[in-house]
Amino acid sequence: MKTYIEYLSEINKDEILKGLLAHGLFADKIPPILSGESFYDYFIKLGKPTFEKKGKDYIRYESMRNINIPRLLSIPNPFVYANLCNCISCNWVNLQSFFNKQLTAQTHKVSRIHLRKMKDKESLFEMNYNHSDNDKDPCEDIMIKKRYRVEADISNCFPSIYSHSIAWAILGKKLAKEKRDAGEWCNELDLFVRNIKNEETNGILIGPHSSNLISEIILLSVDNKLWKHGYRYIRNIDDYTCYVSSYEEAETFLLDLSKELKEYELSLNHKKTKIVSLPIPSDSSWINKLNNFYFGEEYSKEKKQVLRLKRLRAFLDLAIELALENNNTAILNYAIKVIASKYLGKDALDYYVKQIHHLLLLFPYLVHLMDEYVFDRFELNIDLKKQIGADLYEIGISRRLYEACSFPIYWSIKYNYKFKEKQILKNAKDSNDCIFLLMTFLRMRIDKNADGIKKLKKIAKDLSVAEFDRYWLFVYETLSESDISGEYKAIKREKISFIKSDILAKI
């Protein structure tokens with residue numbers, strides 16, 4: 001099993017820069033039309049300059065969570081983000097040394113989700129990335145001789161991280177405060193972290209991959225102290241699972257965890273804190289129930305397991321029951337991926353598509369699975385895609401879930417069909433949502449809708465005066481070089497775009 005530091009040692013300073021800037025600027029939950037590669041190439045061509053060291057506002061984007069509540073994601077200004085990524089790259093050896101110091105004592109990898117090189121991917125972070133060959137779960141060893149499991153997580157982790165605590169973790173709080181105005185590299189890192197959040201010290205942005213590295217600086221410091229106390233646990237970002245010998249030790253772990261988090265101005269989410277008596281199933285009970293479902297023993301010519309209508313209906317009913325019981329739509333997510341691996345006959349497929357259509361409108365969280373695990377996997381015809389997209393768009397407008405409006409427009413672009421919503425321009429303008437506006441502009445460009453393009457350019461010009469940084473992506477991609485200024489004007493002159501080349505080819 002690879003250690004955490006072995007994963008980080010595989011990445012050099014140039015790779016961390018490219019991974020974060022070219023492939024980590026945009027949150028993974030945004031419709032997959034965006035890329036930082038063109039901007040990264042421009043940055044390298046210029047010799048990795050330091051852009052203006054000034055804080056900038058950022059784009060807000062809401063994405064539905066598995067508990068049917070939106071999470072606020074962010075897209076930073078590309079220039080201040082480039083400053084941050086370059087600072088990380090220039091100090092990568094220092095960061096690796098810091099991480100190594102925190103991790104030396106660990107006999108298993110406590111932090112399970114972190115930056116790493118991934119197979120067949122150029123980005124360095126993926127929330128659900130799993131490489132079981134190198135990431136063996138240590139829990140089966142940790143729990144031996146233990147009687148209780150403690151579950152805890154940090155309350156509003158990323159929004160609560162205090163930028164100055166980066167230096168506290170690296171230097172120690174006392175020394176960091178003494179050297180606040182000194183030229184320490186961690187103080188420069190603090191500055192650039194603040195600058196991508198409009199110079200605010202409270203909170204780091206959810207979305208850009210740099211934030212996952214920044215959070216690890218602080219949380220590994222907490223891990224190091226708890227390890228020295230003798231606690232053995234794993235951590236998934238901000239979720240802790242600890243195994244202890246007694247109930248009293250479980251309570252003490254929570255007290256010690258709370259104490260160490262407070263050193264960095266963080267706190268526990270007490271509503272999600274649990275102490276559970278062992279033994280318990282190795283996987284969540286819902287995973288076991290779904291994995292143990294009997295699909296039958298029939299296989300197609302392609303050696304895929306055949307899922308007949310009767311068994312499909314029973315499996316979906318079970319998944320829905322478990323999702324409602326646990327208030328967790330991720331269970332439906334899991335079930336959809338399982339079904340995607342099966343062969344469905346005509347009757348089963350007709351039933352499945354109708355059920356997914358229904359579930360998607362109830363749980364828009366599922367939108368991210370649709371094209372890969374439903375549309376493409378089962379080769380749905382254009383009319384079905386259109387209808388599903390149109391109904392989801394209607395739900396998005398009625399509930400002001402603009403992610404649910406943006407994806408149907410994306411599908412219309414990806415699958416080359418007309419998007420016939422008559423009120424799209426008005427809806428996009430009223431939304432004040434940068435991504436929805438951008439998707440609408442791309443749709444108008446593909447349709448060669450001159451009137452629509454003209455109106456969107458007017459919206460972009462108005463926003464460029466009032467709130468450029470909160471809408472920079474839409475404004476930049478919509479307006480011409482003559483209508484923008486400063487650093488954006490320079491990259492516009494170089495024909496830099498943040499839209500992926502395959503999408504641009506359709507315009």
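How do the residues of the lining of the largest cavity divide into nonpolar, polar and charged? Let's find out by clicking around, keeping in mind that this is a predicted model.

**Stop 1: the largest cavity**

Select Leu 84, Val 193, Ile 196, Lys 197, Ile 204, Leu 205, Ser 210, Ser 211 and Ile 214, the residues that line the largest cavity. Colour them by class and you have your answer: six nonpolar, two polar and one charged.

**Stop 2**

Next, pick Arg 60, Tyr 61, Glu 62, Asn 432 and Asp 433, which lie nearest the centre of the second largest pocket. In total, 20 residues line this pocket, and about 310 Å³ of space lies in it. To see which elements give two or more residues to the lining, highlight strand S1 (59–64), strand S2 (70–75) and helix H19 (403–414). S1 gives the most, with six residues. Sort the lining by class and you get eleven nonpolar, three polar and six charged residues.

**Stop 3: rings beside rings**

Time for some aromatics! A pair of aromatic rings is described by the distance of the centres and the angle of the planes. Across the whole structure, a search finds 32 aromatic pairs. Start with Phe 43 and Phe 51: their ring centres are 5.9 Å apart and their planes sit at 40 degrees, so this pair is tilted. Both Phe 43 and Phe 51 are buried.

Then jump to Tyr 393 and Phe 419, where the centres are 5.2 Å apart and the planes are at 70 degrees, so the pair counts as edge-to-face. This one links distant parts of the chain, 26 residues apart: Tyr 393 is in helix H18 (residues 382–399), while Phe 419 is in the loop between H19 and helix H20 (424–431). Tyr 393 and Phe 419 are both buried.

**Stop 4: charges over rings**

Which ring does the charged end of Arg 116 sit over? Zoom in and you'll find Tyr 7, with the charged end 4.7 Å from the ring centre. Finish at Lys 385, which lies over the face of Tyr 415 at 3.7 Å from the ring centre.

Notes
Residues are numbered from 1 along each chain as its sequence is written. This is a predicted model: local features need pLDDT of at least 70, side-chain atom pairs count only at pLDDT 80 or more; totals for chains, interfaces and linings use all residues. Side-chain values use heavy atoms; hydrogens and water are left out. On a 1 Å grid over the protein atoms alone, a cavity is a set of points where a 1.4 Å probe fits but cannot get out, and a pocket is an open set with protein on both sides within 12 Å along at least five of seven lines; lining residues have an atom within 4 Å of a point. Grid points are joined across faces, edges and corners, and a volume is the space filled by probe spheres set on the points. Helices (H or I, at least four residues) and strands (E, at least two) are DSSP runs, numbered from the N terminus. Ala, Val, Leu, Ile, Met, Phe, Trp, Tyr, Cys and Pro count as nonpolar, Asp, Glu, Lys and Arg as charged, and the others, Gly among them, as polar. Rings of Phe, Tyr and Trp (its six-membered ring) pair if their centres lie within 6.5 Å; planes under 30 degrees apart count as stacked, over 60 as edge-to-face and the rest as tilted. Buried means under 20% relative accessible area, exposed over 50%, partly exposed in between (1.4 Å probe, protein chains only). A charge sits over a ring if NZ of Lys or CZ of Arg is within 6 Å of the ring centre and within 35 degrees of the ring normal.
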